[in-house]
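Look over the sequence and the structure before reading on.

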Amino acid sequence: MSFLQPSGTIIDLGVNIDHVATLRNARGTKYPDPIRAALLAEQAGADCITLHLREDRRHIKDADVIALAPQLITRMNLEAAVTQEMIDFACRIKPADVCLVPEKRTEVTTEGGLDVAGNFNAVERAVKQLQAEGIRVSLFIDADEAQMDATAALGAPVIELHTGRYADTEGAEQAAELERIHRGVLYGVGKGLKVNAGHGLHYTNVQAIAAIPEIAELNIGHAIVAHSVFVGWENAVREMKAIMVSTRIGRTL
Ligand SMILES: CC(=O)[C@@H](O)[C@H](O)COP(=O)(O)O
Ligand SMILES: NCC(=O)COP(=O)(O)O
């Protein structure tokens, strides 16, 4: 059954289509088409589509963002570095959401959260420029109180907590990271922020994060693209959304 779920359901799933573009770019073909993936993901239960226009354009291209924006039925969450080029581009596209993320050319994937406290003036300028275009801004940060204080101080209404260390660890270290994230969620909500989470989440580690009732949205990409190789794209999206919702319902009953 394909259906569109209204955004703002029990817990929102943002499907990140970056690595559909990685597969496309591997051979320089036009397929698999990230735009088709986004529209099918919406039909399969995605509450928003996340895509990261990196400075090096290693996966998502400018043309992908431009083509997708008018076709989305849910909403676009555009991830971008805090550079004038990216902020100006985002202001031309005017997605519902922009998530400001740190970027290093040499990184394989995002390695940590944005240092909002240490780059306060630059981040504040970017946030104000985006907000002037009616764009809701989220900041991709570690579960760190100083970063959340800085986020609230400069007026961004949303944070996305980096779950990479939780995803990359196990045992006691992972349990400690989960507790740190949980404390961070509560602190962020206490500061009046909408709290999302993402990075490295997959079908067997998402449950503990989705069970945190104050989390509004999870952004998940790599694991969904990987799983789709075996079960198909729409099934991979449906399965992730079903796990998130059933975990949340089970947690709140
Ligand atoms: C910010 C974040 O964790 C991801 O959304 C980001 O897109 C990861 O970078 P890649 O998609 O290039 O792996
Ligand atoms: N911000 C996290 C995101 O969009 C997807 O990250 P991942 O699931 O590809 O690691």
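**Ligand shells and a helix pair**

The shell around ligand 2 comprises three nonpolar residues, eight polar residues and one charged residue. The model is predicted.

**Ligand 2**
- Around ligand 2 sit Asn16, Thr50, Glu160, Gly198, His199, Gly200, Leu201, Asn219, Ile220, Gly221, His222 and Ala223.
- Two elements, β8 (217–220) and α10 (222–231), each give at least two residues to the shell around ligand 2.

**Ligand 1**
- The residues surrounding ligand 1 include Asn16, Asp18, His52, Arg54, Glu79 and Val101.
- Thr109, Thr110, Phe140, Gly198, His199 and Asn219 also belong to the surroundings of ligand 1.
- By class, ligand 1 has a shell of seven polar, three charged and two nonpolar residues.
- Asn16 surrounds ligand 1 and is listed around ligand 2 as well.

**Helices α4 and α5**
- The axes of α4 (residues 84–93) and α5 (residues 120–132) come within 9 Å.
- These axes cross at roughly 15 degrees. Angles under 35 degrees count as roughly parallel, so α4 is roughly parallel to α5.
- The crossing of α4 and α5 is right-handed.
- From α4, Ile87, Ala90 and Cys91 make the contact. From α5, the contact residues are Ala126, Gln129 and Leu130.
- In the contact of α4 with α5, five residues are nonpolar, one is polar and none is charged.

Definitions and conventions
Residues are numbered from 1 along each chain as its sequence is written. Chains are lettered from A and ligands numbered from 1 in the order in which they are written. This is a predicted model: local features need pLDDT of at least 70, side-chain atom pairs count only at pLDDT 80 or more; totals for chains, interfaces and linings use all residues. A residue is near a molecule or strand if its C-beta atom, placed from the backbone, lies within 6 Å of it. Ala, Val, Leu, Ile, Met, Phe, Trp, Tyr, Cys and Pro count as nonpolar, Asp, Glu, Lys and Arg as charged, and the others, Gly among them, as polar. Helices (H or I, at least four residues) and strands (E, at least two) are DSSP runs, numbered from the N terminus. Axes are lines fitted to C-alpha atoms, for helices over the stretch in contact, and angles run from 0 to 180 degrees between N-to-C directions. Angles under 35 degrees count as roughly parallel, over 145 as roughly antiparallel, 65 to 115 as roughly perpendicular and the rest as oblique. A crossing is left-handed if the near helix is turned anticlockwise from the far one by less than a right angle, and right-handed if clockwise. Two residues are in contact if their C-beta atoms, placed from the backbone, lie within 7 Å.
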